[in-house]
Amino acid sequence: MLTGVINWSEAHYRMEGYEVGEVVPTYETWIARVHPDDRASTEKALSTARDKHTDYEHGFRSLHPDGTIRFLYARGIFFYDADGQPVRMIGIMEDVTDARSAEERLRASEEQFRQFGEASSDVLWLRDAETLQWVYLTPAFETIYGLDREQATSGNDLRNWVELILPEDREHAIGEIRRVRKGERAAFEYRVRRPVDGQIRWLRNTDFPIFDADGTVRQIGGIGRDITDERATAKRMEVLVAELQHRTRNLIAVVRSMADKTLRSSGDLSDFRSRFRERLDALARVQGLLSRLKEGDRVTFDELIHTELAAHGVTEGHYGSTIVEGPADVRLRSMTVQTLAMALHELATNAVKYGALGQSSGQLTITWSLEPSGPGNKPWLHIDWRETGIVMQPPGSAPRGSGQGRELIEQALPYQLDAKTSYKLLPDGVHCTISVPVSATTLEGNEHESSDPA
Amino acid sequence: MNQATLRDCRILVVEDEYMLADELRSELLDAGAIVLGPVGTIEDALELISAETAMDGAILDINLRGEMVFPAADLLTQRNVPFAFATGYEDSAIPDRFKQITRCEKPVDLNRITQALRQVA
């Protein structure tokens with residue numbers, strides 16, 4: 001250090017980005033290649049070791065002219081004279097770039113996985129296979145189990161966990177953990193009671209062993225998912241499918257009986273064909289109205305009557321002399337819609353064939369009103385269907401139509417819907433009244449009502 | 001199948017859909033049976049079963065205006081009256097205690113119901 005002579009090995013030249021022999025090794029040529037950001041700390045480490053007579057040991061970046069950065073690690077010792085003045089130093093420098101980037105990659109990958117863990121709505125955890133204590137537990141634990149992690153991991157945390165599980169599910173859950181500890185994978189379901197609100201949640205755990213190089217189970221990994229909503233949805237679907245089955249079967253049975261009835265009252269096949277088609281179409285229209293409903297929604301009477309009249313060529317806005325009057329938004333109970341629609345269909349069909357919609361002198365007046373509190377303290381809908389100006393067939397002639405409309409009104413509506421009805425053939429046309437209990441949600445807007453139609 | 005096997009039998013029909021109830025009734029009448037009902041609500045069914053002293057069999061729809069017919073089925077069991085279910089539901093919708101009861105899928109076949117009632121009678 002007195003002479004300023006420095007010797008570099010060939011490797012040293014290369015570590016600092018010099019060709020061997022390219023420069024004369026000096027303190028200046030050395031410090032020139034230390035990354036500017038690391039220079040101050042490097043020089044300080046060096047002077048500290050020198051002044052305090054300690055070993056020099058320091059890592060820094062070396063910046064080469066082509067922009068390459070190498071991570072170097074230097075170690076050295078100073079030699080002093082009798083007065084304690086430094087006279088000489090020897091050192092070695094090691095290129096640790098590869099080791100260092102491997103470590104950084106590992107750290108980055110660990111950080112990524114940690115972020116996955118933090119973000120997961122499933123709870124991820126690791127247990128030591130020996131002590132069965134948690135060594136890793138993600139924040140989703142708190143959301144799902146309703147207990148903060150600090151509390152959950154204080155003391156024996158396996159016991160803490162077991163105590164959250166409903167007593168009847170505990171044995172099974174512990175048994176599965178034991179299996180994983182022996183090296184098997186396990187998937188199992190259990191219920192926990194959340195301390196924060198007492199709610200019971202269903203969990204599905206997928207647990208797996210993590211092995212050492214020598215094949216012993218070192219840790220147990222687990223993924224816990226809250227399947228409470230999933231289970232509820234599955235159950236709802238089951239109910240819906242059963243309902244759909246029930247309704248479809250019923251509908252097919254209704255179609256079969258409709259076919260039989262129509263056949264019995266038909267003169268020939270083409271007569272059957274046109275009548276049966278009309279009735280099927282009417283049924284299809286009702287299914288259309290019902291299937292468009294959202295949950296809690298109801299078909300309204302004005303919707304039903306307008307749909308049925310439109311199917312018979314009487315479209316809204318082009319009623320001519322036909323009068324259709326009553327309050328909008330009278331909500332029908334879903335179970336009543338189909339039968340009521342079929343009755344209206346028969347009335348309309350007969351009106352086209354024999355009555356007010358088929359004779360120019362005829363006048364059809366349909367009015368309805370809502371009685372908020374009728375019999376049984378239920379809201380009732382009163383429908384009045386009156387045809388006038390009709391030339392009626394003389395008494396004793398063939399009956400009008402098949403009588404199916406009349407049967408629907410006089411028999412089916414009272415039987416199925418608790419309706420009160422009347423059907424009279426007056427000298428100038430049909431007069432029919434139908435009174436039927438309607439959805440209580442008409443008035444309250446939220447009263448529960450079974451939506452089963454059959 | 002000989003439909004005359006139901007001749008003069010007193011058969012209860014519980015079905016809330018008028019068209020189906022009416023169809024069953026006329027088929028039973030054609031088979032020579034005496035039809036009790038039809039009734040379309042669980043209340044009417046319970047009332048009729050309680051009041052009737054002579055009943056040879058019953059056909060029960062499972063869903064009556066959204067209510068399950070099972071209380072009526074229990075009452076029939078108590079009274080040793082054979083019955084069959086007529087339904088669109090799958091077996092899973094039926095409680096275990098009725099697993100032995102014949103379930104006829106809709107649309108029902110009267111012959112099958114007749115067989116079912118004859119077997120247990």
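Two residues are taken to be in contact if their C-beta atoms, placed from the backbone, lie within 7 Å. On this basis, in the predicted model examined here, residues 24 or more positions apart account for 54% of the contacts in chain A with a separation of 6 or more. Chain A comprises 14 helices and 13 strands, and 26% of its 454 residues count as buried.

Among the helices of chain A, helix 10 spans residues 269-291, and its 23 residues reach 32 Å from the first C-alpha to the last, close to the 33 Å expected at 1.5 Å a residue. The buried residues of this helix are Arg275(A), Arg279(A), Ala282(A) and Val286(A). An α-helix has 3.6 residues a turn, so residues three or four places apart point the same way. The cover over the buried residues of helix 10 includes helix 9 (228-264) and helix 12 (334-354) of chain A.

Among the strands of chain A, strand 2 (residues 69-80) and strand 3 (residues 86-95) pair in the antiparallel sense over nine bridges, with Phe79(A) standing opposite Arg88(A) of strand 3. The two strands form a hairpin with five residues between them, and Gly84(A), which lies in the turn, has a positive phi of about 90 degrees.

Between the chains, 17 residues of chain B are in contact with 22 residues of chain A. Helix 1 of chain B (residues 18-30) gives the most to the side of chain B that touches chain A, contributing four residues, and the residues of that side divide into six nonpolar, four polar and seven charged.

Note on methods: Residues numbered from 1 in each chain as written. Chains lettered and ligands numbered in written order. Predicted model: local features only at pLDDT ≥ 70, side-chain atom pairs only at ≥ 80, totals over all residues. Buried ≥ 20, exposed ≤ 12 C-beta atoms within 10 Å, placed from the backbone. Expected span 1.5 Å × (residues − 1). Nonpolar A, V, L, I, M, F, W, Y, C, P; charged D, E, K, R; others polar. Pairing = 2+ DSSP bridges.
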